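Here are my quick notes on this one, jotted down as numbered points. Have the viewer open while you read.

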Amino acid sequence: MVDQKGQPVNEIGFQQAMLHSCLWKKQVKLKLPPPKERPVTHQNLWYTVYCCAKQFFLPTIHAQEFEGNADIQLTTVERLENARPQVLITPEEVKEYLKQESGIERLKEMFTKKSDSEHSDDVDVIIQLTRNSGFAVFLLTSLLGGNAARERFVEKNKHKVYATRFQAFRAYNDAIVFGSLRFGLKWGIKSAFFTGLFMTTAQMISVYRNKSSFVEYTAAGAITCALLRMTVGLRGMFAGAVIGSALGLVGGGCFCAIMYATDNTQQQRHYSTIEQMLRANRESQQLSSRETVTSG
């Protein structure tokens with residue numbers, strides 16, 4: 001195939017060019033068929049809901065099946081023989097033990113660790129309240145300190161000219177951040193120290209008396225505020241003791257109301273602790289006696 005000048009022409013390229021020109025002249029637009037949409041059925045919907053619930057709400061249990069013969073499994077008689085004996089501790093036994101112990105012994109037990117890393121329940125309460133109060137006061141006072149630092153920076157540097165806009169914003173942000181951290185850490189440490197001293201004093205008096213009432217909180221408030229006002233003399237200590245006793249009376253009433261409403265008073269906690277200790281001692285004695293009889 002040759003053109004008008006007698007030169008050969010590629011047939012495939014010529015056919016493609018003619019096809020494009022025809023399509024352009026007739027303005028033919030090729031339309032592809034729309035994709036088939038997947039119908040939404042109730043089965044698909046419920047399966048999606050199940051997958052979401054399984055991923056975020058339903059617990060995942062990793063267990064391993066027992067691999068072995070049936071002869072290895074324990075029978076009912078062997079299970080009963082190896083079962084721990086049921087020990088019943090009567091209230092009279094607990095009351096008899098409480099009569100024999102003293103307040104000094106309870107204080108020693110309060111500051112004695114159960115294991116290498118576990119404190120007693122009373123010390124855990126003191127640590128949690130001290131940490132939470134310090135963190136909460138730090139957050140609140142850091143916001144107030146940031147606002148005060150911003151106002152001081154604007155008042156102090158309103159006539160100062162910076163070389164660039166970046167330096168101005170850098171100095172502004174540094175003043176706010178360091179001011180908020182300084183103010184928040186100051187009052188957060190003070191609040192944590194006051195709460196720790198107050199709760200330690202109140203809990204020690206409560207453990208010594210083995211009773212929860214507003215008396216120990218009133219005394220703890222008076223002692224704590226008097227110690228904090230020690231630097232201003234006897235008059236300041238006396239005024240701090242009066243104010244602290246009033247605040248301790250109000251706070252102690254709220255604490256006692258919460259403890260009696262939740263059945264979490266000092267005498268109830270100590271009663272359950274002594275009951276568990278007596279039960280553990282009785283179980284250990286019975287197991288040792290059974291081992292002695294079996295070996296004999």
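1. Start with E93 and R282, whose side chains form a salt bridge with an N to O distance of 3.2 Å. This pair ties together distant parts of the chain: E93 sits in helix 4 (residues 91–100) and R282 in helix 10 (residues 266–295), 189 residues apart. E93 is partly exposed because its relative accessibility is 29%, and R282 also counts as partly exposed, at 29%. Keep in mind that this is a predicted model.

2. The count of salt bridges comes to seven. Another of them joins D174 and R170, with the closest N and O atoms 3.4 Å apart. These two are about one helical turn apart, because they are four residues from each other in helix 7. D174 is partly exposed at 31% relative accessibility, and R170 is partly exposed at 48%. Then there is E155 with K158, at 3.6 Å from N to O; both of those residues are exposed.

3. What makes up the largest nonpolar core? It has 12 residues, among them L107, V123, F198, Y217 and M259. Helix 5 (103–110), helix 6 (121–156), helix 7, helix 8 (214–228) and helix 9 (234–261) each put in at least two residues. Helix 7 is the top contributor to this core, with four.

4. Have a look at E216 in helix 8. Is this glutamate buried or exposed? E216 counts as buried, because its relative accessibility is 1%. A polar atom of the E216 side chain lies 2.7 Å from the backbone nitrogen of S213. Beyond residues up to four places away in sequence, E216 touches A202, I205, S206, R209 and K211.

5. V177 belongs to helix 7, which spans residues 165–209. At 42% relative accessibility, V177 is classed as partly exposed.

6. Last stop: M237, in helix 9. M237 is partly exposed, with 24% relative accessible area. Ignoring residues up to four places away in sequence, M237 touches A226, R229, M230 and V232. I223 is 14 residues from M237 in sequence, and their C-alpha atoms are 9.1 Å apart.

Technical notes
Residues are numbered from 1 along each chain as its sequence is written. This is a predicted model: local features need pLDDT of at least 70, side-chain atom pairs count only at pLDDT 80 or more; totals for chains, interfaces and linings use all residues. Side-chain values use heavy atoms; hydrogens and water are left out. Buried means under 20% relative accessible area, exposed over 50%, partly exposed in between (1.4 Å probe, protein chains only). A nonpolar core is a set of buried Ala, Val, Leu, Ile, Met, Phe, Trp, Tyr and Cys residues joined through side-chain atoms within 4.5 Å. A polar contact is a pair of N or O atoms within 3.5 Å; within protein, one must be able to donate a hydrogen and the other to accept it, and residues adjacent in sequence count only if both atoms are side-chain atoms. Contact means heavy atoms within 4.5 Å. A salt bridge is a side-chain nitrogen of Lys or Arg within 4 Å of a carboxyl oxygen of Asp or Glu.
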